[in-house]
Amino acid sequence: MPLRQLSTSSPQHVQYTRFPFKKHRHSPGEVIDNRMKIVIVLVAVGGTYYVVHLEQVPETGRWRFMDISPKYETKLAQAAYNELLAEFRGKILPSNHPVTLHVQRVVNRILESSDLGHLRFSEPRRSLAETLDDFWSEDPFTTRRPSGESSTPESGGKEWNLLVVNDPSIVNAMATLGNIVVFTGILPICKDEQGLAAVLGHEIAHVVARHASERYSSSKVFLAVAVLLQTVFGFDFGITNLISTLLLELPNSRTQEYEADTIGMQLTARACFDPQAAVEMHARLAQYEKAHGATSLEFLRTHPGAERRIKHLEELIPEAYSIQASSPQCAGIQDSVSRFREFAPRRS
């Protein structure tokens with residue numbers, strides 16, 4: 001029997017070696033294709049959401065994107081009012097101040113005539129003859145407060161807040177979510193109650209048309225457009241934001257201003273204020289802006305240029321006089337029918 005030789009060396013094991021893994025690299029074309037697929041999906045989803053939330057402005061028929069509900073606006077209104085109180089603390093005239101009382105009665109006429117509600121804690125309803133007194137011929141800081149106060153107007157269910165801010169340096173008035181703010185600096189431009197009605201009618205029209213909520217809704221669209229431009233074309237976010245502002249946001253703001261002029265003219269006409277006062281007030285405002293260096297480049301402004309705006313208001317006057325001519329409430333205040341007949345041929 002042959003002897004088996006023993007080996008003192010360690011046994012050799014067969015090792016398994018994997019082939020080196022080659023990482024798969026996506027070609028630039030594949031990356032672009034994948035990015036475009038994502039963009040297409042987002043555009044499809046966003047477009048569907050946009051179309052579903054389109055609605056018409058009841059007063060003008062203009063289509064717009066709106067995804068804010070009136071119920072949510074009600075929640076925001078009180079918060080906005082509290083912010084206004086905090087911002088203008090120490091400058092707000094009391095509700096029994098003569099200036100506030102005269103602003104109140106102009107606001108009340110506009111609200112009541114169109115059944116838009118009433119001012120919270122407003123003065124009692126006055127007769128139409130009383131509301132025609134010329135406040136600007138009085139000294140607002142020496143005139144005594146009229147006697148008798150308490151009840152609020154009963155027409156409509158919406159409550160509005162009014163703040164009159166004593167700041168002559170601010171030539172402005174605004175209204176948002178049911179809160180109306182009038183700065184005393186606008187009163188010399190208004191000149192009288194007719195001019196103040198033109199300003200307030202315009203500002204209240206912004207609330208009636210829900211422009212603040214529309215701007216908030218539209219801001220989401222503007223942001224989406226900016227992100228899309230950045231993703232697809234690689235634009236810097238600052239550039240895309242500038243493009244969105246110039247081509248979308250500012251034109252939309254000017255559209256809202258024209259619309260507020262249209263609705264505001266209707267509101268003041270139903271309240272029996274002279275429509276021609278709006279044209280005269282904006283002419284005075286244009287002179288003030290020109291004297292204080294306002295930019296004449298309309299595409300950089302949130303508001304239309306003075307000439308275009310005045311022309312637009314002049315085009316609205318025949319309809320406004322027609323509204324007054326058919327209103328029993330305006331009988332005896334001015335001969336709206338004859339004014340309409342005199343003005344209409346000149347516009348034709």
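I began with the loop between helix 3 (98-113) and strand 3 (118-119), where D115 lies; helices (H or I, at least four residues) and strands (E, at least two) are DSSP runs, numbered from the N terminus. Phi of D115 is near 55°, a positive value in a residue that is not a glycine. I noted beside this that most residues other than glycine have a negative phi.

I am reading a predicted model, in which local features need pLDDT of at least 70 and side-chain atom pairs count only at pLDDT 80 or more, while totals for chains, interfaces and linings use all residues. Residues are numbered from 1 along each chain as its sequence is written, and side-chain values use heavy atoms, with hydrogens and water left out.

I then looked up K191, in the loop between helix 5 (187-190) and helix 6 (193-208), and found a positive phi of about 80° although K191 is not a glycine.

M174 stands opposite V181 in strand 6. The two strands form a hairpin with two residues between them, and L177 in the turn has a positive phi of about 50°.

I turned to the rings, and the structure holds three aromatic pairs (rings of Phe, Tyr and Trp, the last by its six-membered ring, with centres within 6.5 Å; planes under 30 degrees apart count as stacked, over 60 as edge-to-face and the rest as tilted). The rings of Y50 and F65 are stacked, because their centres are 5.0 Å apart and their planes are at 10°. This pair links distant parts of the chain, with Y50 in helix 1 (residues 28-52) and F65 in strand 2 (residues 63-65), 15 residues apart. Y50 is partly exposed at 34% relative accessible area, while F65 counts as buried at 6%. Y49, Y50 and F65 form one aromatic cluster.

Last, I checked charges over rings (NZ of Lys or CZ of Arg within 6 Å of the ring centre and within 35 degrees of the ring normal). The charged end of R109 sits over the ring of F273, 3.7 Å from its centre, and that of K158 sits over the ring of W160, 5.4 Å from its centre.

Technical notes: Buried < 20%, exposed > 50% of the residue type's maximum accessible area, 1.4 Å probe, protein only. Pairing = 2+ DSSP bridges.
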